[in-house]
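Q: Could you walk me through this one? I'd like to know what the terms mean as we go.
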Amino acid sequence: MLWNTFDSGADVSNSRVGAGGSLPNYASFTNGKYGNAIVGNYQFASNIVEFSSNVIPIKRGCIEFWAKIDTSSSAYRDWE
């Protein structure tokens, strides 16, 4: 089980429940729905947040988060 608030770099590294994750140096934070939120800068090819594959089950599980898509592209809104 994993519970991480993503409120800051320290919070990502020290999950409330489960192992901590890691962030790249360019990660930044902004006001979120509850507390703070990670700003996703997708101009870089690498992942924004990384956790060990032992933390998030591959066969089954749930990942839940709030997201604000701030782009003029419709690619994120047109998932099927």
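A: Let me begin with a term: a charge sits over a ring if NZ of Lys or CZ of Arg is within 6 Å of the ring centre and within 35 degrees of the ring normal. In this predicted model, the charged end of arginine 16 sits over the ring of tryptophan 3, 5.3 Å from its centre.

Q: Before we go on, what should I know about the model and the numbering?
A: The model is predicted, with local features needing pLDDT of at least 70 and side-chain atom pairs counting only at pLDDT 80 or more, while totals for chains, interfaces and linings use all residues. Residues are numbered from 1 along each chain as its sequence is written, and side-chain values use heavy atoms, with hydrogens and water left out.

Q: OK, which elements does the chain have?
A: The protein chain has one helix and two strands, in the order α-β-β from the N terminus on; helices (H or I, at least four residues) and strands (E, at least two) are DSSP runs, numbered from the N terminus.

Q: How do β1 and β2 run?
A: They run antiparallel and are joined by four bridges, where strands pair if DSSP finds at least two bridges between them. Serine 28 has valine 39 in β2 as its bridge partner. The two strands form a hairpin with four residues between them, and glycine 35 in the turn has a positive phi of about 75°.

Q: Switching to serine 15: buried or exposed?
A: Serine 15 counts as buried because its relative accessibility is 14%; buried means under 20% relative accessible area, exposed over 50%, and partly exposed in between (1.4 Å probe, protein chains only). Serine 15 lies in the loop between α1 (9-13) and β1 (28-31).

Q: And what does serine 15 touch?
A: Leaving aside residues up to four places away in sequence, serine 15 touches Leu2, Trp3, Asn4, Gly20 and Phe51, with contact meaning heavy atoms within 4.5 Å.

Q: How many aromatic pairs are there?
A: There is one aromatic pair in the structure. It is formed by phenylalanine 6 and phenylalanine 51, edge-to-face, at 6.2 Å centre to centre with 70° between the planes. Rings of Phe, Tyr and Trp (its six-membered ring) pair if their centres lie within 6.5 Å, and planes under 30 degrees apart count as stacked, over 60 as edge-to-face and the rest as tilted. The pair links distant parts of the chain, with phenylalanine 6 in the segment before α1 and phenylalanine 51 in the segment after β2 (36-39), 45 residues apart.
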